[in-house]
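Welcome! Please take a look at the sequence and the 3D view below, and then we can walk through them together.

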Amino acid sequence: MENAYSFKKKNNTNEIHIFEGKFTIDGCNANSESICKKMKSNDGEWLNNNTCLNEQQARENAAKIGKNVCGICVSHLYTTF
Ligand SMILES: [Zn+2]
């Protein structure tokens with residue numbers, strides 16, 4: 001199944017990290033750590049309307065948000081395995 005991507009802002013910073021998960025029947029889930037492993041799920045808040053995105057949407061979203069998005073997390077969106 002396709003991966004789901006959700007964006008979360010770290011508390012007391014402007015850093016935004018991306019969490020990977022899987023789509024589910026009622027939305028998506030997310031791993032307990034960001035892609036870069038620098039942020040835990042309970043270290044911040046989900047960005048409104050920036051959860052449960054597919055890979056293409058996540059790329060567009062990262063481009064729209066700009067430099068506050070963690071570069072390590074973003075680069076993962078462009079990695080093919
Ligand atoms: Zn990150």
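Which residues does V69 touch, not counting residues up to four places away in sequence? V69 touches I16, A62 and V74, where contact means that C-beta atoms, placed from the backbone, lie within 7 Å.

## About the model

This is a predicted model, in which local features need pLDDT of at least 70 and side-chain atom pairs count only at pLDDT 80 or more, while totals for chains, interfaces and linings use all residues. Residues are numbered from 1 along each chain as its sequence is written.

Helices (H or I, at least four residues) and strands (E, at least two) are DSSP runs, numbered from the N terminus.

## The sheet

Let's begin with the strands. Four of them form an open sheet in the order β3-β2-β1-β4, with antiparallel pairing; two strands pair if DSSP finds at least two bridges between them. At the edges are β3 (27-28) and β4 (44-46), each pairing on one side only.

Seven bridges link β1 (residues 3-10) to β2 (residues 16-24) in the antiparallel sense. Along this pair, N3 has K22 as its bridge partner in β2, and A4 stands opposite G21. The hairpin of β1 and β2 has five residues between the strands, and N12 takes a positive phi near 65° there. β1 also runs antiparallel to β4, joined to it by three bridges; here K8 has W46 as its bridge partner.

## The helix across the strands

Now for α1 (residues 55-65), which lies across β1 and β2 and runs at about 25° to β1. For such angles, axes are lines fitted to C-alpha atoms, for helices over the stretch in contact, and angles run from 0 to 180 degrees between N-to-C directions.

After α1 comes G66, with a positive phi near 90°.

## The nonpolar core

A nonpolar core is a set of buried Ala, Val, Leu, Ile, Met, Phe, Trp, Tyr and Cys residues joined through C-beta atoms within 7 Å. The largest one has 17 residues, and I18, A58, V69, C73 and V74 have the most contacts inside it. Two or more residues come from each of β1, β2, α1 and α2 (71-77). As for β1, six of its eight residues are buried.

Conventions:
Two residues are in contact if their C-beta atoms, placed from the backbone, lie within 7 Å. A residue is buried if 20 or more other C-beta atoms lie within 10 Å of its own, exposed if 12 or fewer, and partly exposed in between; C-beta atoms are placed from the backbone.
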